[in-house]
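Work through the exercises below with the sequence and the coordinates open. Try each task before reading its solution.

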Amino acid sequence: MNPREKKEILNSLKEKEFRQDLIIPLLSKMGYLAPIEYHGINERGKDIICFEYDKLTEQRFLSVVAKIGDLTGNAATNTGLITIVNQVQQAFDNPYEDLFNMRQVFINEVWVMTTGKIVSGAQDSVINTLRKNNLDKQIRFIGDDRLIQLIDKHFSIYWNSNSETKESVIIQRDRLITFIESLLAANNVDKSTIESVRSSILYSSFNPRISKNIEGLHISSVSPYSVELGKIDPEFDDFIVSRTYGITSRIFQEAKKQLSYSFFEIGETIDQANKIVKLTNPWEFVVEAQSNLGREYPFERPYGDASKFMDNIHYMEEGLNELRIFKAFLRNRGKIDWVKELAKSIMDLLPEIEKIIENHKEEEIVFNYKIDSKENKILMEYNKNSSTICFTSKFKRMDLNGFQRNKDGSLKPAKVIENALFEFREYIENLLQYDEDKWLQEYED
């Protein structure tokens, strides 16, 4: 496609199409985060808002003023550069309400983007006006030629978007949906949640939101509208359960989620909470939360999400102490790596457990587990009379009043996995003759 044809496509755009179909995805392709349309009667020079992180990991906010057609020197029109200068100054002078972080932020840079040309003489006059207010280095004018360059570099598929057939769009959609399902399944998300996410992506008007740590690999929360990624130190990235709270990574991420929910209720402590939520060591997380948040509003209240967060912190403190003692015992006996591998292998049984639940017809479902010494992993044992069975768990197939069940009372595979981890812990304690009181005395000596 030649430059003339590309300009014809730009000239055919309406303002709404220019903002939503071109600028917002283009900004995302260029690496800007969370571009949203801010167009309306209270926009004050901010058609679109987004941000990026600088080298000091500080947020820098960009505002885009979007126009269609040529920008002239006529001050009496909406496309006159003097009119746009007033919009730009409004963008710098008026803070942006950052609803997610519950704060006001000021714009660091403004781009004026148009589908047409920018009259050079008028632009020079505007730059001189901006220079008087020290704003000339914070504004960029992007006309059709520069815009085409940006699209070619970052969003070249835009030029072919109108030529795509219905069949090709369906194929692309199905491929993306399959990828999302595979991604969630690979991270042990249960089948019912995957179906809920898939349905919402296809039919909901809400766009999914992704939050992540750059090095994070754990999915800490999945909903129809977002996938939350987090990170935990390798020392705690295993599936040896604590008797107090169960799986360390699960309660750790649950505590982080509740901490993020409590952001909406706090003011002065939000910066401290932001630092704490980035910690990857559960021990440091507990210590910092108790030291810096426990006596602050709203964490001192006996109710609400902040209270639930502090309850989780107390559970974590108790459970991490209990787990530290048990892991010290395993290290002393030279079994820590062996137990970690076996516990991790239980998580790999999720697809098999899902099939068992889906195909089971009897009132009670029994899961038998054995250890494959050669492969050093836990396997399902289908012969109920086998001597190789190490531990067993039983469940009602349907139970409307059961804990951690689906809405229809059916059994959740994730519940089976967690129960298996507890049964495995019990098996290991019996196998190695673990007595916490005796070991504590030996450990302290």
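Helices (H or I, at least four residues) and strands (E, at least two) are DSSP runs, numbered from the N terminus. The model is predicted: local features need pLDDT of at least 70, side-chain atom pairs count only at pLDDT 80 or more, and totals for chains, interfaces and linings use all residues. Residues are numbered from 1 along each chain as its sequence is written, and side-chain values use heavy atoms, with hydrogens and water left out.

**Exercise 1. The chain and two residues**

Task: State how many helices and strands the chain has, then classify Ile201 and Ser249 as buried, partly exposed or exposed.

Solution. 
Step 1. The chain has 15 helices and 13 strands.
Step 2. Buried means under 20% relative accessible area, exposed over 50%, partly exposed in between (1.4 Å probe, protein chains only). Of the 445 residues, 41% count as buried.
Step 3. Locate Ile201. Helix α7 (residues 191-203) holds Ile201. Its relative accessibility is 29%, so Ile201 counts as partly exposed.
Step 4. Locate Ser249. Helix α8 (residues 248-261) contains Ser249. Ser249 has 10% relative accessibility and therefore counts as buried.
Step 5. List the neighbours of Ser249. Contact means heavy atoms within 4.5 Å. Leaving aside residues up to four places away in sequence, Ser249 touches Ile232 and Phe239.
Step 6. Look at contact range. Take contacts between residues at least 6 apart in sequence: 61% join residues at least 24 apart.

**Exercise 2. The five-stranded sheet**

Task: Give the strand order of the open sheet of five strands and find which helix packs on β1, β2, β3 and β6.

Solution. 
Step 1. Strands of a sheet pair through backbone hydrogen bonds, either parallel or antiparallel. Two strands pair if DSSP finds at least two bridges between them.
Step 2. The order is β1-β2-β3-β6-β7, and the pairing is mixed.
Step 3. β1 (33-37) and β7 (139-142) are the edge strands, each pairing on one side only. From one strand to the next, the twist averages 20 degrees.
Step 4. β2 (residues 48-53) and β3 (residues 59-67) run antiparallel, joined by six bridges. Ile49 has Ser63 in β3 as its bridge partner.
Step 5. Helix α2 (residues 15-29) packs on the sheet and touches β1, β2, β3 and β6 (109-114). Its direction makes about 150 degrees with that of β3. Axes are lines fitted to C-alpha atoms, for helices over the stretch in contact, and angles run from 0 to 180 degrees between N-to-C directions.
Step 6. Helix α3 (residues 81-93) lies across β3, β6 and β7, at about 150 degrees to β6.

**Exercise 3. Helix pairs**

Solution. 
Step 1. α10 (residues 282-292) packs against α11 (residues 305-332) at about 140 degrees, the axes lying 10 Å apart.
Step 2. Find the contact residues. In α10 they include Trp283, Phe285 and Val286, and in α11 they include Phe309, Met310 and Ile313.
Step 3. Sort the contact of α10 with α11: 10 nonpolar, three polar and two charged. Here Ala, Val, Leu, Ile, Met, Phe, Trp, Tyr, Cys and Pro count as nonpolar, Asp, Glu, Lys and Arg as charged, and the others, Gly among them, as polar.
Step 4. α1 (residues 3-11) and α5 (residues 144-154) pack at about 100 degrees, with axes 11 Å apart.
Step 5. Pro3, Lys6, Lys7 and Leu10 of α1 make the contact with α5 residues, among them Asp144, Asp145 and Leu147. The contact of α1 with α5 has five nonpolar residues, no polar and five charged.

**Exercise 4. A hairpin**

Task: Find which residue in the hairpin of β11 and β12 takes a positive phi.

Solution. 
Step 1. β11 (residues 364-372) and β12 run antiparallel, with four bridges joining them. Tyr369 stands opposite Met380 in β12.
Step 2. Four residues lie between the strands, and Asn376 takes a positive phi near 55 degrees.
Step 3. In β12 (residues 377-380), Ile378 and Met380 form the covered face, Lys377 and Leu379 the uncovered one.
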